[in-house]
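Here is a short report on one protein model. It follows a few charged residues and their partners.

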Amino acid sequence: MAGRPDAHLPIRLSGSLAFMKVVRAVVAAEHPVVRSVIDLACQEAGVTVVANLETALATIEACRSSRPDLLVLDLELPDADGFQVLSDLDDADRPAAVLVLSDHTAGDTVLRALRLGARGYVRKAEGLRGLAWTIRRVLAGERVIAPSLEQDAVLALGRFAKRAREGAE
């Protein structure tokens with residue numbers, strides 16, 4: 001990020017020059033209303049949206065070319081699911097902060113997203129209301145899972161661990 005010319009913006013604080021990091025995001029969701037809500041939440045969280053996309057292919061290309069700090073990803077995209085996006089991005093291309101939005105609530109789905117690099121997972125129905133807050137937490141390095149999904153995700157993790165143990169025996 002230090003190599004990008006826009007990585008820091010000068011601002012004046014009490015007569016001195018300070019630098020504030022610009023946080024850049026790629027937003028991917030099929031529905032334009034969902035993208036608009038995400039854009040507003042990013043603005044509220046102080047995040048600059050550099051790409052607002054509706055397809056998996058465009059999202060992968062944008063992450064590779066713009067190297068955003070944050071990816072807000074709806075799992076339901078018209079050309080592929082969000083899992084394909086997460087799978088196709090290697091560690092160098094995947095933003096450090098990935099927040100998944102979905103209507104899928106199965107614990108295995110949540111666990112899969114987390115295993116593929118998501119730092120947060122929220123249901124669209126409940127997550128859009130507090131999205132700016134969730135974005136800030138994910139950017140701060142916290143793992144955020146909607147409370148209604150935590151128990152199912154933990155149970156899915158237990159099933160995964162059990163299968164791994166049984167396979168090792």
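## Charged residues and their salt bridges

Arg 136 is partly exposed, because its relative accessible area is 38%. Here buried means under 20% relative accessible area, exposed means over 50%, and partly exposed lies in between (1.4 Å probe, protein chains only). This is a predicted model: local features need pLDDT of at least 70, side-chain atom pairs count only at pLDDT 80 or more, and totals for chains, interfaces and linings use all residues. Residues are numbered from 1 along each chain as its sequence is written, and side-chain values use heavy atoms, with hydrogens and water left out.

Arg 136 sits in helix H6, residues 131-139. Helices (H or I, at least four residues) and strands (E, at least two) are DSSP runs, numbered from the N terminus. Leaving aside residues up to four places away in sequence, Arg 136 touches Glu 44 and Ala 45. Such a contact means heavy atoms within 4.5 Å. Cys 42 is 94 residues from Arg 136 along the chain, yet their C-alpha atoms are separated by 8.9 Å.

Now the salt bridges. A salt bridge is a side-chain nitrogen of Lys or Arg within 4 Å of a carboxyl oxygen of Asp or Glu. By this rule the model has 7 salt bridges. Three of them are listed here, among them two made by Lys 124.

| Salt bridge | Closest N to O distance |
|---|---|
| Lys 124 and Asp 103 | 3.8 Å |
| Arg 137 and Glu 142 | 3.0 Å |

Lys 124 lies in helix H5 (residues 124-127) and Asp 74 in strand S5 (residues 70-74), 50 residues apart. Both residues, Lys 124 and Asp 74, are buried.

Lys 124 also forms a salt bridge with Asp 103. That pair again links distant parts of the chain: Asp 103 is in the loop between strand S6 (97-102) and helix H4 (107-115), 21 residues from Lys 124 in helix H5. Is Lys 124 buried or exposed? Lys 124 is buried, because its relative accessible area is 14%. Asp 103 has a relative accessible area of 48%, so Asp 103 is partly exposed.

Arg 137 pairs with Glu 142 in a salt bridge. Arg 137 is partly exposed, at 22% relative accessible area. Glu 142 is partly exposed too, at 36%. Elsewhere, salt bridges that share partners join Asp 74, Glu 76, Asp 103 and Lys 124 into one network.
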